[in-house]
Amino acid sequence: MVKINGTEQDIAGKTVAELLEAEGYDLLKVAVELNEMILPKAQYGSTALKDGDTVEVVSFVGGG
Amino acid sequence: MTALTKEALYAALCARHGEELQQKFAAGAVAVCGLGGLGSNIAIALARAGVGHIRIIDFDRVDISNLNRQQYFPAQLGMYKTDALGDTLREIGLCSEITADCVRLTPENIPVLLKDADIICEAFDRADQKAMLVNTVLEQLPDKILVSGSGMAGLGSPNTIRTRKIAKNFYLSGDGESDSGSGPGLISARVAVCAAHQATTVLRLLAGETEP
């Protein structure tokens with residue numbers, strides 16, 4: 001299982017890019033932390049999720 | 001009326017905050033990126049607390065649409081925000097060295113312009129620009145601490161605005177969801193709540209407290 005924003009999901013093997021697309025995120029408005037480290041955008045497509053990973057997707061909204 | 005000196009203000013800050021804590025604030029170098037409702041309030045809070053080095057960055061000018069929530073005066077309409085807020089900060093923050101950069105931050109200039117800051121505040125308006133700054137700082141300046149804001153529009157309960165530690169050096173304030181593009185937009189007090197979360201987080205970090 002992979003923990004996505006606090007919820008366990010059975011998605012090991014999928015890439016981060018596939019996860020973000022399936023969840024409907026706007027890639028221009030997110031930052032992704034994989035196991036508490038920033039994941040560079042260039043690595044979204046090549047990073048496959050493994051059981052035990054913790055992913056935090058921060059999706060920014062406008063306003064400041 | 002006698003003009004206040006830096007030394008007199010520093011003594012007053014030490015009397016209020018304690019000398020040990022004030023020395024930590026005075027040693028801090030903080031960059032505020034974006035000088036709208038978040039950034040103008042954050043920078044003023046840091047100057048009042050006596051943070052030693054405050055770098056303010058924005059490319060924009062003061063507009064009438066800013067006056068509902070941003071710390072500018074009608075007489076400053078049309079001025080660059082870096083000039084207008086710089087004037088205010090230099091009046092408040094005699095103990096703060098103020099550096100201003102009137103420039104649009106990009107992935108190319110961020111590593112240069114933010115290299116001297118210990119802590120970086122993301123205070124942009126647009127979601128894509130927030131993401132750009134956060135990704136660039138965390139990827140290219142991994143030794144910096146970043147305090148970002150997302151979700152402070154509308155008139156929802158202020159109690160939904162909170163600060164979370166997302167990663168070792170990444171703190172995020174806001175309710176996470178209220179977008180400025182819908183509803184009544186950005187309102188002074190609620191934006192200030194988020195700004196105060198970010199500024200308090202910065203001051204806690206300078207004091208050595210790493211929990212949000």
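## Close-up views of a predicted two-chain model

**View 1. A salt bridge links the two chains.** The side chains of E56(A) and R164(B) meet in a salt bridge, with 3.0 Å from N to O. This pair crosses between chains, running from E56(A) in strand β5 (residues 54-59) of chain A to R164(B) in strand β6 of chain B. The structure shown here, as in every view below, is a predicted model. Over all chains the structure holds 10 salt bridges, while the count between chain B and chain A is 1.

View 2. Strands β6(B) and β7(B) are joined by a hairpin through 2 residues, and they run antiparallel with 5 bridges between them. Within this pairing, R164(B), whose side chain also meets that of E56(A) in the salt bridge, has L172(B) in β7(B) as its bridge partner.

**View 3. Chain B contains an open sheet of 7 strands.** The strands follow the order β3-β2-β1-β4-β5-β7-β6 (chain B), and their pairing is mixed. At the edges of this sheet stand β3 (97-101) and β6 of chain B, each of which pairs on one side only. From one strand to the next the twist averages 20°. Strand β5 (residues 145-149) of chain B pairs with β7(B) in the parallel sense over 4 bridges, and in this part of the sheet G149(B) stands opposite S173(B) in β7(B).

View 4. Helix α6(B), in turn, touches β1, β4, β5 and β7 of chain B, and its direction makes about 170° with that of β5(B).

**View 5. Chain A contains an open sheet of 5 strands.** The order of the strands is β2-β1-β5-β3-β4 (chain A), again with mixed pairing. The edges are taken by β2 (7-9) and β4 (37-38) of chain A, which have a single partner strand each, so one side of each is left without a neighbour in the sheet. Strand β1 (residues 2-4) of chain A pairs with β2(A) in the antiparallel sense over 3 bridges, and the bridge partner of V2(A) in β2(A) is Q9(A). The sheet of chain A also receives a helix from the other chain: α6 (residues 127-140) of chain B packs on it, touching β3 (30-34) and β4 of chain A, with its direction at about 35° to that of β3(A).

**View 6. Chain B meets chain A through several of its elements.** In this interface 31 residues of chain B are in contact with 19 residues of chain A, and the area buried between the two chains is about 1800 Å², of which carbon and sulfur atoms give 61%. The count of residue pairs in polar contact between chain B and chain A is 11, with both residues at pLDDT 80 or more. The elements giving two or more residues to the side of chain B that touches chain A are α3 (37-49), α6, β6 (162-167) and β7 (170-174) of chain B, and the largest share, 8 residues, comes from α6(B). By class, this side of chain B has 13 nonpolar, 9 polar and 9 charged residues.

Methods: Residues numbered from 1 in each chain as written. Chains lettered and ligands numbered in written order. Predicted model: local features only at pLDDT ≥ 70, side-chain atom pairs only at ≥ 80, totals over all residues. Heavy atoms only, no water. Pairing = 2+ DSSP bridges. Contact = heavy atoms within 4.5 Å. Axes fitted to C-alpha atoms, helices over the stretch in contact; angles between N-to-C directions. Buried area = accessible area lost by both parts, 1.4 Å probe. Salt bridge = Lys/Arg side-chain N within 4 Å of Asp/Glu carboxyl O. Polar contact = N/O pair within 3.5 Å; in protein donor to acceptor, adjacent residues only side chain to side chain. Nonpolar A, V, L, I, M, F, W, Y, C, P; charged D, E, K, R; others polar.
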